[in-house]
Amino acid sequence: MSEITKQTLSELVDNIKSKKLSSSEVTKAFVERSEKSKELNAYITEDYANALNKAKKFDEKPNLDLKLPGIPMAVKDLFCTKDLRTTAGSKILNNFVPTYESTVTQNIWNEGAILMGKLNCDEFAMGSSNETSFFGNVQNPIDKNLVPGGSSGGSSSAVAAQLTPITIGTDTGGSIRQPASFTGTVGLKPTYGSCSRYGIVAFASSLDQAGPMAQNVKDCALLQEVISTYDEKDSTSIDFKRNEYSKELTNDIKGKKIGIPKEYRVDGMPKEIEELWKKGIEYAKDCGAEIIDISLPHTNYALPTYYIVAPAEASSNLARYDGVKYGFRAEGENLIDMYEKTRSEGFGAEVQRRIMIGTYVLSSGYYDAYYLKAQKVRKLIKNDFDDAYKKVDAILTPSTPSSAFKIGEKTNDPVSMYLNDIFTVPVNLAGLPGISIPAGHDAKGYPLGLQIIGKAFDEQNILNIAYAMEEKINFKKNINDWWIK
Amino acid sequence: MSIDLKTIKHISKLSRISVDEKKAEKLAGDLNSIFDFIEKLNELKTDNVEPLTSVAETTLKLRSDEVKSKNLRDQVIKNSPKENEDYFVVPKVIE
């Protein structure tokens with residue numbers, strides 16, 4: 001048996017079920033590795049003592065019929081966890097201890113998993129490099145001073161560095177897929193309405209989705225099966241027949257039609273990405289898929305649309321942070337002064353910027369020119385996908401226009417940071433599922449990802465394609481534990 | 001288009017985020033570069049396009065009007081920065 005923290009989720013589950021390993025042994029191994037990895041700054045809040053206790057309790061009366069029996073895991077600090085601090089990476093929620101549990105995390109605990117702690121993320125999930133977090137930068141285990149992507153940067157770093165066997169993130173414009181791509185891990189953004197948003201700190205409600213992040217496609221499928229449920233508490237949760245994604249997983253994708261959108265060949269895209277994409281196309285062909293050229297003509301308008309819709313919704317969602325009901329409060333001379341100081345001191349620069357953009361595009365006199373216009377273009381973007389899916393079953397693209405960059409490299413130019421999400425944002429705008437799988441390395445040895453986009457509710461199909469391609473790609477991790485002394 | 005300092009002050013008031021001169025200038029620069037980027041949308045004619053308000057093409061589900069969680073007062077008040085018995089406390093509003 002290989003070292004515990006090197007095992008995949010599926011291996012750990014098998015070993016616990018066959019009693020070769022106890023939950024305590026597994027939990028202890030991941031806790032110890034997490035403790036040795038503080039330099040990565042992947043955690044905001046550690047809950048190791050409780051995790052070890054819960055593992056012990058599990059072992060006293062193990063229920064081995066569960067899907068995640070005694071499996072320890074850390075989750076993005078955007079999910080409310082009852083009685084454990086939930087910050088959303090913000091000073092304004094620095095002391096917030098939820099009195100309730102998010103549906104997605106509850107589903108995970110119901111299947112026997114054990115919470116180890118809360119993982120770092122960009123403040124309110126607004127960022128592509130984890131550099132907007134109040135709790136500091138996260139290191140990418142691939143190389144020193146390299147960003148792990150964002151906003152689920154603590155999650156991607158923790159999975160890649162094997163501090164947790166699996167995790168969950170949230171994805172509003174690429175926040176699961178981009179960090180997965182930057183760290184050589186697998187991340188799935190499910191169809192809008194697949195996973196409940198109840199108890200997730202809201203950023204942009206028409207775009208936000210929770211999703212699994214893991215070492216491989218099979219583990220991702222199993223976690224998706226656990227977290228995706230219909231939930232009465234989220235009015236946009238959709239009641240559709242969900243597959244048993246891991247059981248139904250197959251690498252037989254013969255005859256599947258995979259579309260290649262020409263508009264994703266963007267100006268200035270590094271040659272390495274172009275080559276990776278070509279290789280991906282060959283792999284898909286080797287798996288028996290049929291490759292079809294398609295067009296998504298409004299691709300170039302997706303980012304500008306996103307940077308109206310997402311800030312508009314954020315400005316509305318973040319209006320609740322007023323220093324009255326919960327969270328940080330700055331004292332003021334009167335009520336308005338208190339609000340203004342609380343929000344000015346409690347939110348970081350990027351969050352303030354986005355609230356201001358959102359407020360502006362929704363303000364009197366500008367609503368039609370910006371917000372309504374963006375909603376109309378969003379319709380055109382969705383129509384592009386609807387048309388494409390008359391011809392194909394899925395779409396293959398690069399996950400990101402570059403590999404991971406250095407900490408500080410893009411912080412002074414918001415627009416260049418936003419361009420990171422050029423391939424992922426259209427998927428959120430159209431509400432579709434997308435998965436990023438590691439597919440190769442650039443010249444520096446940094447991982448590069450490919451994205452497979454599916455039809456709405458067709459997670460099984462993109463998981464199958466990803467599973468088949470993963471086998472062909474045979475991605476080699478190159479992490480040397482540089483942060484462990 | 002150009003967002004001037006006066007507009008920044010106006011948005012900051014609407015956003016309830018206090019902004020000093022230095023921050024206003026930085027924000028004006030950032031917002032102008034972001035809005036330059038957003039202006040691209042004006043290339044598209046959208047007069048006859050229906051705005052997309054939800055990607056989920058289902059109607060909202062109805063449910064029976066029942067109370068499912070009650071007696072949450074302690075939970076609701078638990079995280080307040082300042083409270084007095086059962087109330088949130090804020091600076092005096094009425095003179």
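What pLDDT does chain B average, and what share of its residues score at least 70? This is a predicted model, so let me begin with confidence. Chain B averages a pLDDT of 91. In that chain, 99% of the residues score at least 70. Confidence in chain B is lowest in strand β1, residues 83-84, with a mean of 83. Helix α1 of chain B, residues 5-15, has the highest, at 96. For the model, ipTM is 0.95 and pTM is 0.97.

Now the interface. Here, 52 residues of chain A are in contact with 39 residues of chain B. Look at the chain A side. Five helices there each supply at least two residues: α9 (302-317), α10 (335-346), α11 (349-362), α12 (368-388) and α13 (414-418). Which of them gives the largest share? That is α12(A), with 10 residues. By type, the chain A side divides into 24 nonpolar, 16 polar and 12 charged residues.

Look in the loop between α9 and α10 of chain A. Is Y321(A) buried or exposed? Count the neighbours. Y321(A) has 26 other C-beta atoms within 10 Å, and the cut-off for buried is 20 or more, so Y321(A) is buried. Leaving out residues up to four places away in sequence, Y321(A) touches I92(A), G327(A), R343(A) and G346(A). Now find F203(A). Y321(A) and F203(A) are 118 residues apart along the chain, and their C-alpha atoms are separated by 12 Å.

Last topic: the backbone. Most residues other than glycine have a negative phi, and most peptide bonds are trans. Here are some exceptions in chain A.

Start with the peptide bond from G150(A) to S151(A). That bond is cis, with omega near 10°. S151(A) sits in the loop between β3 (114-119) and α5 (153-160).

Move on to Q162(A). Its phi is positive, near 60°, and Q162(A) is not a glycine. Q162(A) lies in the loop between α5 and β4 (166-171). Q162(A) is buried, because 23 other C-beta atoms lie within 10 Å.

Then F457(A). This residue is not a glycine either, yet its phi is positive, about 70°. F457(A) is in the loop between β11 (447-454) and α15 (459-473).

Key. Residues are numbered from 1 along each chain as its sequence is written. Chains are lettered from A and ligands numbered from 1 in the order in which they are written. This is a predicted model: local features need pLDDT of at least 70, side-chain atom pairs count only at pLDDT 80 or more; totals for chains, interfaces and linings use all residues. pLDDT is the predictor's confidence in each residue, from 0 to 100. Helices (H or I, at least four residues) and strands (E, at least two) are DSSP runs, numbered from the N terminus. Two residues are in contact if their C-beta atoms, placed from the backbone, lie within 7 Å. Ala, Val, Leu, Ile, Met, Phe, Trp, Tyr, Cys and Pro count as nonpolar, Asp, Glu, Lys and Arg as charged, and the others, Gly among them, as polar. A residue is buried if 20 or more other C-beta atoms lie within 10 Å of its own, exposed if 12 or fewer, and partly exposed in between; C-beta atoms are placed from the backbone.
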